[in-house]
Each structure stands twice: as structure tokens, then as C-alpha cells.
Amino acid sequence: MKSYLSRLAREIAPYTAGEQPADRRYVKLNTNENPYPPSPRALAAYREYDVSSLRLYPSLSMHGLRAAIAGAEGVDEENVFCGNGSDEILALCFPAFFDRGGAGAAFADVTYSFYPVFSDFFGIAKQIVPLEEDFTLDLGKLGARRAQGAIVANPNAPTGIGIPLAEMEPFIAQSDRIVILDEAYMPFFGESAVPLVKKYKNLLVVKTFSKGYSLAGMRCGYAIADPSLIAGLERCRDCFNSYPVDSVCQAVCAAAVADGEYYAQQNALVVAERGRLFSALVRLGFSVLPSKANFLFARHGSLSGREVYEKLRARGVLVRHFAKPRIEAFCRITVGSREENDLLLAALADIVR
Ligand code: PMP
């Protein structure tokens, strides 16, 4: 039968998001959501939103939201770009900073699986750098590729391994190419490169409201960089969708980012639970990578990754399994609330027994 789809639409392998099954209630530890509610100030901003203004398009400048982010991050408003989730910003980075037929984008073989999808979608060459045996990234090898630029998730996903700022800064300083740092999980590490943005014009840091701000359902992310890089993102955005961040989202996220104290407390609880879960998994026979994120990447000594995933699912606990080279033995487990983690550990104890 004749297909009316473009070759791209027929042939591209899209990103697969974590499942959201509706057949029963699950302990959902498969998409790295925050177990705690958004800040009361964010929730109040949502409830108090003047819905009669929904007749109008959202603010184009996003002044309120960008000013709030700039305040929290210690930069100027001109350094801030906002998008519909950090996924959208990462997508825009490909046309904004890489040329078709150019030297391409360098990133790790085991990292956020949206990067190769964006590369393919925008026709940008991929320069894939294998992680070391212990799943750490050798930044020297990344730089040696002489790609048009590099993308590093820090902490990395799905491994959770983090690169300290003292190691990241020389990499940025020595590079004459763009360095895009995806700091989706930085709220659980605390080594953000945002303070370096004023110093290095080749650095763009991407962050999200989905993880550290407990607002995955709002779909908002932001980038911090020199205005010359922000202009590239704006030009590409305006070739696609001028209003990616809706009015309610702008108000809620502005309130959230102004409540740093609340989030510091909640995220410290996630980090404490991460430590407890790590030790408990080791006691159950798992090897666990040293995580700086809100998830753990764990492999059992005698059960396959697929088995752990399936047996947990049958017991009402969802985790993420990637049937991919190098990592099929692992499951990625989101750090939940104390109660959720106890349910996970009870299910695992049952499985291991
Ligand atoms: N970067 C990484 C490394 C992620 O794991 C995710 C979440 N899937 C994102 C970016 C995107 O998050 P969001 O679009 O919700 O901001």
C-alpha cells in the first residue's frame, strides 16, 4: 500500500517514554518523578490563576518566569530561555548549534536516549563515545572527537553517575566548541555549572522543573547561557512554536522557583532515601552504580534485568529496564517516598528469596 508518510516519519526510531499502565495501581518508580508534592506556593499560584485571562496567548517574553529563574540561578534575565520541558530545549539545541553535514554532536553511548533520536530527526551526525568499563565518562575522549559540540547529561542517565564541577570546568575551558550540559538531575547532586555561564561563552546548561521542582506534569524546562547562545534557541523556537510555555505554567513555575527553601528540604529527603535504598539493594545482592541522581541503576548477581523488571511489575512495582547493549542486566529504579521504597524492597526481598 502507498504510504503518505515522509521517509523520516516511516524510518526514524522514536524515543520510548516510560510506561504508564492503567490496569492497576502501581508503585511508580520508572520515570524519575519526585515523590513529594510541589511547593505550596506553586500550588497556590495554580489555584489562584485568573482563568479569565486564558482567552489571551501567553506572554511572549515570559518576563515573570525568566526573571524568577534568573533570580534563583544568580544570572540575568537575558541568560534565560524557557521551553515546554527540557526535552523541547534539548531538541532545539540540535538545529541551533549543529549543522547538517557538519562534524556532528558528541555524546556517550550510554546516556539519555533522546540525544540520538534528536540527532536523527534533525539530520545531525552522531559521534558516540563509549563510557569506560565502570560507566564513567572520560571527558578527554569526548573532546578528542572534534565534533561541532558535545552533550553531557550530568548526572548521567540512566547510570546516575555525576561529574564534579572541578572536573567539568577544565573540559569547558579547553573546548572551543559548544558544551551542552543537561542538568535534569542536578538538584540531587549540587555541582551545577550555571555559575560558569558568565565565564564561558561556549557553555549552555539545561535544567527542568520536572525532577527537582516536582512539576513533571507542567512541562517546563529552561536553559542558562550567554545571550548569543540564547538567541540561537529563540530563532529556532520561533521557526516552530512561538508559545511553548502556557500562561498557567509560567505562573506556577515562577512561584516554584522562588521557593528554593522548600525544594532544598524535599530534595534532601530524596538524597537521604537514595542512600538508604542503595545499602538495602546491596544487601539484596545487587551491584549499584554510585548515583548522584534521584534514581539508582542496579544489577542483580543472579537475576537478569528483564526478570527483575517483570517480577516487580507482577508485584505492582514499576521500574525501567532498557533492552540495550551494555545495560540490559540493569534496572533503573527511581527513589520514591519512604513508603514506596519499603514496598519496592519488600517485593525485591520476595523475588530474591
Ligand atoms: N534530560 C534527562 C537526562 C532526562 O532523564 C529527562 C527526563 N526524561 C529530561 C532531560 C527531560 O525532562 P523534561 O522534558 O521533563 O524536562
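Trainee: At 29% relative accessibility, what does arginine 219 count as?

Mentor: The model is a predicted one. Buried means under 20% relative accessible area and exposed means over 50%, with partly exposed in between. At 29%, arginine 219 therefore counts as partly exposed.

Trainee: With which side chain does arginine 219 meet in a salt bridge?

Mentor: Side chains of opposite charge can pair when their charged atoms come close. Here, arginine 219 forms a salt bridge with aspartate 87, at 4.0 Å from N to O. Aspartate 87 belongs to helix α4, whereas arginine 219 lies in the loop between β7 and β8, so the pair ties together parts that are 132 residues apart in sequence.

Trainee: How many salt bridges does the structure hold?

Mentor: There are 22 salt bridges. One of them joins arginine 313 to glutamate 19, at 2.9 Å from N to O. Because arginine 313 sits in helix α11 and glutamate 19 in the loop between α1 and β1, this pair connects parts that are 294 residues apart in sequence. Arginine 313 is partly exposed, at 25% relative accessibility, and glutamate 19 is partly exposed at 25%. Salt bridges can also form a network, as with Glu273, Arg276, Arg338 and Asp342.

Trainee: Is serine 337 buried or exposed?

Mentor: Its relative accessibility is 11%, so serine 337 counts as buried. Serine 337 is in the loop between β12 and α12. Apart from neighbours within four places in sequence, its contacts are Pro35, Tyr36 and Glu273.

Trainee: Which residues of helix α8 are buried?

Mentor: In helix α8, residues 227–237, the buried residues are Leu229, Ile230, Gly232, Leu233, Cys236 and Arg237. They lie on the same side of α8, because they cover an arc of only 155 degrees around the axis. Among the elements covering these residues are β2, α4 and β6.

Trainee: In which sense do β5 and β6 pair?

Mentor: These two strands pair in the parallel sense, over five bridges. For example, alanine 153 has aspartate 182 in β6 as its bridge partner. From β5 the chain passes through helix α7 to β6, in a right-handed β-α-β crossover. Strand β3 also pairs with β5 in the parallel sense, over two bridges, and alanine 106 stands opposite alanine 150 in β5.

How values were computed. Residues are numbered from 1 along each chain as its sequence is written. This is a predicted model: local features need pLDDT of at least 70, side-chain atom pairs count only at pLDDT 80 or more; totals for chains, interfaces and linings use all residues. Side-chain values use heavy atoms; hydrogens and water are left out. Helices (H or I, at least four residues) and strands (E, at least two) are DSSP runs, numbered from the N terminus. Buried means under 20% relative accessible area, exposed over 50%, partly exposed in between (1.4 Å probe, protein chains only). Contact means heavy atoms within 4.5 Å. The arc is that of the directions from the helix axis to the C-beta atoms. Two strands pair if DSSP finds at least two bridges between them. A crossover is right-handed if, with the strands pointing away from the viewer, the path from the first strand over the helix to the second runs clockwise.
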